[in-house]
Amino acid sequence: MVSAVAATAGAVTWNSRSEPLTVRGYGSTGEGYGSFYISTRRDGTRYRFSVIQRIQRADDEHAVYANVEYWSNTGICFSPPWLSCNVPYQRHATDVTSRYTKSTWKSFYESAPIDAYANYHRGKVRMRLDIPWRWDPASAWTVTNGIEY
């Protein structure tokens, strides 16, 4: 019998349940926290975001969601140890989680194909409120630590 093994590259967390990433607007508060990692499964090697989110809402029409971005360096950097190597990051892909309208925590998962030409990767995330007929308020961005892969 052969078993499939999912390889995972060092998960990094962003924010926490006790200190969630928070967005406020129009009487509602959205919160989120989670992790960013790279893994290989049946769908290939992909960036993966785990977003655990909830909303403390004042209006039944309000919902919370997250913008996620996958960033990679622009190429593998080879340099002797006595030289610094500063390869800039660029946005590789973006996604959003599903809208959620409850005050209990719920997990959402997003993924995108990895940038195969890079060797360092990180994620960016911000929480948003979906407010009908109005601009969607946003939190500040949280940038994860980098993952070498």
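Reader: Is Ser50 buried or exposed?
Author: This is a predicted model, in which local features need pLDDT of at least 70, side-chain atom pairs count only at pLDDT 80 or more, and totals for chains, interfaces and linings use all residues. Residues are numbered from 1 along each chain as its sequence is written, and side-chain values use heavy atoms, with hydrogens and water left out. Buried means under 20% relative accessible area, exposed over 50%, and partly exposed in between (1.4 Å probe, protein chains only). Ser50 has a relative accessible area of 8%, so Ser50 is buried.

Reader: In which strand is Ser50 found?
Author: Helices (H or I, at least four residues) and strands (E, at least two) are DSSP runs, numbered from the N terminus. The strand that holds Ser50 covers residues 44-56 and is β4.

Reader: Which residues is Ser50 in contact with, leaving aside its neighbours within four places in sequence?
Author: Contact means heavy atoms within 4.5 Å. With those neighbours left aside, the contacts of Ser50 are Trp14, Tyr33, Gly34, Ser35, Phe108 and Tyr109.

Reader: How many residues has the largest nonpolar core?
Author: A nonpolar core is a set of buried Ala, Val, Leu, Ile, Met, Phe, Trp, Tyr and Cys residues joined through side-chain atoms within 4.5 Å. Trp14, Phe36, Tyr47, Phe49, Tyr70, Val125 and Met127 have the most contacts inside the largest core. The number of residues in that core is 24.

Reader: Which residue forms a salt bridge with Lys124?
Author: Lys124 is buried, with a relative accessible area of 18%. Its side chain meets that of a partner at 4.0 Å, N to O, and the partner is Glu69.
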